[in-house]
Amino acid sequence: MSDLERPELVCPAGTPAALQSAVDAGADAVYLGFRDETNARNFPGLNFNRKELEAGIAYAHERGAKILVAINTFPRAGTPEIWHKAVDDAVTLGADALILADIGLIGYAARTHPQARLHLSVQAAASNPESIRFYAERFGVRRVVLPRVLTVQEIAALNPRIRPVETEVFVFGGLCVMAEGRCALSSYATGRSPNMNGVCSPAGHVRYVETAEGISSELGGFTINRFGRGEQAGYPTLCKGRFQAHGKTSYLFEEPTSLNTLAMLPDLIKAGVTAFKIEGRQRGRAYVGAVVRAFRAGVDAALAGKPMPEINLDDITEGGRQTTGAYERAWR
Amino acid sequence: MSNPSPRLEPKSGHAPFSPALLLGLALRPVRPSLLQPAFDAGLRAVVRRHPDMFERMGSFGDAAVCLDPVDLPFVLLMEPHATEPRLTVRASIEPEEVSATIRGPMATLIALAEGRVDGDALFFSRELVVEGDTEVIVALRNAIDGAGLDLMGDLLRGLGPFAGPVRGVGNLAASLFGWVGDEVESLRRSLIARALAAADAQNARLAELEAEVASLRKQVRAKGRAAS
Amino acid sequence: MTLGPVLFNWSPEAWRDFHFRIADEADVDTVCLGEVVCSKRLPFLMPHFPDVIERLTKAGKEVVLSSLALIMTDRELEQARELAATEGLLVEANDVSVASLRAGRPFVVGPMVNVYNEGTLAAFEEMGASRVCLPAELPAPVIKILAEGTKAEIEVQAFGRLPLAISARCYAARARNLAKDSCQYVCNLDPDGMEVDTLDDEPFLAVNGTQTMSYHYLNLLFELTALRKAGVKRFRLWPQTVDMVAVAALFRAVANGAMDPAEASARLTGLCPDAEFANGYIRGREGHVFIDDDGDAPLFPGD
């Protein structure tokens, strides 16, 4: 497989400690966000201030890794300055690329910093060659993070049609079952959404209630799930809850599960994907270290034509369950 | 009814520092206030090495959190204020005193603080139980995880000048901190081995543990009251 | 008044007859036609398009052709290309790709496209957008800022179940243990969406194939006047299996100041006896809540 391009392993960091873990574990690039509503992981206590970003960029660059800054929420009308400042500061501090979702903000970045490398966030959910061409031709977007709706076959067919635009795909972690950036379930229940506030099913609206049967998890006052004693629990993300429809109780949208494509890496490399992304800026450095090590080993093995390493990541997946998600057609 | 009072073996630094041993340690009747100087010194030591740690709490810095090591007969009141954090040892904390509570075996809490186990995974497996304002818990977890703590190392290195107060608090605290000697790594390994194993094997069932601990704790607190 | 495209899988005959009646009786200015949710449904509707378009046009109504929201396959993209090339009718882009294909000619930006701010609105206007129906979650002050800063007509969703999310996965099929590829079109069993309850039997969401919608019916009767003053030019009514002619009449009457919103809302309850109403988003709150007290959650805080 030596003729294959070496894919970039793009890893999450919610804190400087996680950034160091990711770089030390073999990340080619680390993506992160500012500690405010400009990024889609606007969780309490998470993310980077300007000083921390500067230090993080220095740490990564000294070790040959890149830093990608996600500014991937949709600016609020009337206050675009917060988002513009985030773009300006990320460029000034030496970020290797910006990950953007909003068309207006992409336009701002392209006009103001024509030399900056722009990536299209998964939150823009560009799911076909025409959408991708739009962002590439109008704004010079160089890479697209694909929404988690396409199969490996569809990705393989897409890549040659959009070159030289690169694609980045998620290989591990939390999984949106809806087209990303096109989902208002969170704000319907809580008033706060990924697009507007950078949060999905925000912690401030979560409540765990002990009952005779076990724990109930509530979001915005709606019971999202109930776990018996000894049963694996899950965070009450709306689309991973148990609901009733037509008299049947089920995980209607998706089970509490994590995407894991370790075994699929050779296929994804063959499909012409430029970068592999690990989800989880909100997870701790233990998670970051373990997952990055596993996928570093996986990518290296795939490039060397060796069998995929058997690495058990059960213990850090949601609900202890794993899926290959939309990459296989049967998921739909 | 048998009285669960395993004895603390002195000079057992190479023996596994198991939860049972910790429990045995703790089962000795002791007033929480006797432990306070040790925790004061410990927190000071950690904060000295990570002065920005609680800055991440942002607007949640005024929130109080109950850390409840379910295998020990005391609880900790954590006030993660950016400039004046406090960690107070208490016999118990009423739910309305705090914004949130985090319960789990002491070994798990230490491993979590050191970033060696993943908080979400522990929660998914029910190894950790959280109650109250989830936002505060998330902020605290991120603040501590983000600091990159090396708890045992920080404590031992940081405790130098404070070794006095630590020694002064009596056998229990002295045992907790003094007994470990220089063997940071072996202590750490043995201390959190169970938590790491649990996270690996997904076999921790806190519900059962809680029931067990609740009955043990009752006895301990009864004894504690009798002693004080 | 705009009648949005029928989002549900109605039988082709029911779909045709619904629009015939709208053409003959409903006081709406514009009617959107098209399959927004699932490309598998479109072939069944296609044969009726010419008749329906003719009937609506003859009745003096503007017809807008609405695109699919999630375009993934070559076939879907090819359909979008044909749609974008349509002459003589306005096209509504519910995906960025359709806006891109239509650039240079007038088009409508649909509510499934993310227009949250001035910058994005200006970008679409530059491409030729003459009308923009805003996403459901925007609060009134944001709508006002957008309406004040654009030449494009701003449209706001005002009635019916709100489209909240779109997916590659079909939940109607999944709920019945069917694969999407062999779905047997079970989404036609729920012409107003499949109701989704919590474990505590609380109604919460509705599923329309690959689309997830609100359980609650949006009702902005109380906000119409203030939104018009803020520059909103159009209101969108989403078709449900209720008397949409009567629903449109109520919204028209309130918008014209001919009927009191409370009176209209009471009548709307009569028309949709099983529906629970919501207006939370427009008041900056959770989408599912209904607020009728302006003091609690003012439409334009600080005004």
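1. Just past helix α3 of chain C, C:Gly60 adopts a positive phi of about 85°. Helices here are DSSP runs of H or I with at least four residues, strands are runs of E with at least two, and both are numbered from the N terminus.

2. A word on the basis: this is a predicted model, where local features need pLDDT of at least 70, side-chain atom pairs count only at pLDDT 80 or more, and totals for chains, interfaces and linings use all residues. Residues are numbered from 1 along each chain as its sequence is written, chains are lettered from A in the order in which they are written, and side-chain values use heavy atoms, leaving out hydrogens and water.

3. Back to α3(C), residues 49-58: C:Phe49, C:Val52, C:Ile53 and C:Leu56 are buried (under 20% relative accessible area, with exposed over 50% and partly exposed in between; 1.4 Å probe, protein chains only). Viewed down the axis, these buried residues fall within an arc of 100°, so they line one face of the helix; the arc is taken from the directions from the helix axis to the C-beta atoms.

4. The buried residues of α3(C) pack against α1 (12-25), β2 (30-33), α2 (42-45) and β3 (62-66) of chain C, contact being heavy atoms within 4.5 Å. On the face turned away from the buried side sit the exposed C:Pro50 and C:Lys58.

5. Just after α10(C), C:Gly257 has a positive phi of about 75°.
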